[in-house]
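Please consult the sequence and the coordinates alongside the text.

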Amino acid sequence: MNTSVLNKKKETVKSLTESVKNAKSIAIVSYHGLTVKDLTELRKNLAEKNATLGVYKNTLVNRALKEAGVEGLDEYLSGPNAYVFSSDVTGGPAVLYKFSRYHEELVLKGGYVEGKVVDAAGLKRVAKLPTKEVLLSMFQMVLNEPMAAFARALSSVAESKTQATNL
């Protein structure tokens, strides 16, 4: 094998290994049948959620996964695949799930989310989870509600006392 080709493959594996280590979620999808326009739109949507889509040889991805210590994805590494690396747990899977609803050519196969292998159904469940910001907002509302209820109670007591003194 040509030395330059071998070096390029080593660089690709090294880059993929870093992507695997830095990703909160990895999704493996089949993209057979999507047009270049569709793939461009998908990449744009993923970029908005800090996720990247790449098409690599399965053998190189398998090597990178082993170097990163990720196991259990062998069953998904067949056929033409695209790999989505997301810095947010739900970002990439959410975009993929939404896109796959309108483009049946994009098929979710499986992935790796926070140290666990998930199948297509697992990726869909992850995709439907609220984002971190939404969860924090919901938590804040739960924390604020007792104080808000207390404030409303005090306000109504003060209002009733004011009405009683005006009579």
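The sections below treat strand pairing, a surface patch and a salt bridge in turn.

## Basis of the report

The structure is a predicted model.

Strand S4 covers residues 107-113. Because 5 of its 7 residues are buried, strand S4 is largely enclosed by the rest of the structure.

Strand S4 pairs with strand S1 (residues 25-30) in the antiparallel sense, over 6 bridges. Within this pairing, Ile26 has Tyr112 of S4 as its bridge partner.

Strand S5 (residues 116-119) also pairs with S4 in the antiparallel sense, here over 4 bridges. Gly110 has Asp119 of S5 as its bridge partner. S4 and S5 form a hairpin with 2 residues between them, and Glu114, in the turn, has a positive phi of about 45°.

## A patch of negative charge

On the surface, a patch of negative charge is formed by Glu71, Asp74, Glu75 and Asp119.

Asp74 lies in the loop between helix H3 (58-68) and strand S3 (81-86). Its relative accessibility is 53%, and exposed means over 50%, so Asp74 counts as exposed.

## The salt bridge

The count of salt bridges comes to 1. Glu145 and Arg152 form a salt bridge in which the closest N and O atoms are 2.8 Å apart.

Glu145 has a relative accessibility of 39% and therefore counts as partly exposed. Arg152, at 49% relative accessibility, likewise counts as partly exposed.

Conventions. Residues numbered from 1 in each chain as written. Predicted model: local features only at pLDDT ≥ 70, side-chain atom pairs only at ≥ 80, totals over all residues. Heavy atoms only, no water. Patch = residues over 30% accessible without salt bridge, like charges linked within 9 Å, V, L, I, M, F, W, Y side chains within 5 Å. Areas by Shrake-Rupley, 256 points an atom, 1.4 Å probe, with all protein chains shown as cover. Salt bridge = Lys/Arg side-chain N within 4 Å of Asp/Glu carboxyl O. Lys, Arg positive; Asp, Glu negative; His and termini not counted. Charge placed at Lys NZ, Arg CZ, Asp CG, Glu CD. Buried < 20%, exposed > 50% of the residue type's maximum accessible area, 1.4 Å probe, protein only. Pairing = 2+ DSSP bridges.
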